Amino acid sequence: MDFDLSEELQELQLTVRKIAREKVAPRAREIDSTGEYPQDIFEVFRDAQLLGLCIPAEYGGSGAGILGLTIAIEEVAKYSNTAALMLLLTRLPTGPVMIAGSEEQRHRYLTPIAEGYQRASFALSEPQAGSDVAGMRTRAVPDPEVPGGWILSGTKCWISGVVQADWYTVFAKTGDPSSRDHSAITAFIVDRNLEGVSVPRVDKKMGVHGVDTGELHLDGVRVPPENVIGEVGGFRLAMLGLNSMRPIVAARGIGLAEGALMYAAEYVKAREAFGKTIADFQGIQWEIAKIATEIEAARLLTYRAAWLADQGKFTKEWVPYLSMSKYYATEMAVRASSLAVQLLGAAGYMEDHPTELYYRDAKQLTIVEGSTQVQLGLIGKAVLGHDIWWD
């Protein structure tokens, strides 16, 4: 069993670490304060060819896979979860296309993402249907004027990158609108410039400022037949893209926890109290040791999950292992950021230090792309159903 990264992945890690330190870190606080999209960071990622890490070489990417993107996101998230989200959005909306899309779709939509000429977003959640995907109300009805075409109507919400996107992966009911069967749901590619596509509102968020989150409204949008992802009713295939995202989201948590703990550790070594530094107290050392151990445990879970996903192991029997990485790493990020604030005391609560930024950003990770409770449900059912068993 070899735990070492390949030479290519080690080189990628060092390259992204340098970019994160020199380009991302100095901008992190300003991005959070202004909420403006960091186009300069996007261009840095584009020039370093980081926007196509998970996209195969035949479509313009570098073919580094889920593990490569996971490693890159971990490095960036040490300083900015907004910048890490920008990298994540190269995979979330493109995943269903890579898994179930046609060759024409892959060339038309993946290559511009990999080369940095386009951006995309993932439109699944609705106001009354977040984790309850089957409760969605967005409808797709056959277009009477275009054989095989569809007309989409509905509203999607909580879409990261909704303002910046050139196209969206949109899920809609093509079957009985009252049905809770996944076969009634289909995935579509919806171009931003189609008539009837609008972004009526942008959310005011607690954290992860800089990449807009908001609503996507579809008012009788005509989608051509060639923009159906996979088969009509092929929602299960498209959902495999979400399964494979678990380690990528987990990487945001690992990086955030590392950044928060490193900052707090340097602070307590320099802060004097009661005739010694805060770091000299055993109680402080123990708390740091606990989180450091959790970070390493989360990394092992996450790298294994990324390795599984790169082998195509993101079907039902493998989902609990992917869910473990997302659940553990994101909840650990909340604990790590909370500890960082506590170690700095009152100073940690102030904007003079990045700990309060880490703290605000961490919570989002336990909610997006399958909440902690959803992941626990999947893991628990896997044990009860003997998908995970040790005998």
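Guide: We begin with exposure: buried means under 20% relative accessible area, exposed over 50%, and partly exposed in between, with a 1.4 Å probe and protein chains only. This is a predicted model, in which local features need pLDDT of at least 70, side-chain atom pairs count only at pLDDT 80 or more, and totals for chains, interfaces and linings use all residues. Residues are numbered from 1 along each chain as its sequence is written, and side-chain values use heavy atoms, with hydrogens and water left out.

Visitor: Is Leu300 buried or exposed?

Guide: Leu300 has a relative accessible area of 53%, so it counts as exposed; Leu300 belongs to helix 10, residues 282-310, where helices are DSSP runs of H or I with at least four residues and strands are runs of E with at least two, numbered from the N terminus.

Visitor: How is empty space found?

Guide: Rolling a probe the size of a water molecule over the atoms shows where empty space is left. On a 1 Å grid over the protein atoms alone, a cavity is a set of points where a 1.4 Å probe fits but cannot get out, whereas a pocket is an open set with protein on both sides within 12 Å along at least five of seven lines; lining residues have an atom within 4 Å of a point.

Visitor: Which residues lie nearest the centre of the largest pocket?

Guide: Of its 41 lining residues, Ser125, Ile367, Val368, Glu369 and Gly370 lie nearest the centre of the largest pocket, and helix 8 gives the most to that lining, with 6 residues.

Visitor: And the largest cavity?

Guide: The largest cavity has 17 lining residues, with Tyr37, Phe42, Met86, Leu89 and Arg119 nearest its centre; helix 3 (39-47), helix 5 (81-88) and strand 1 (120-123) each supply at least two residues of that lining.
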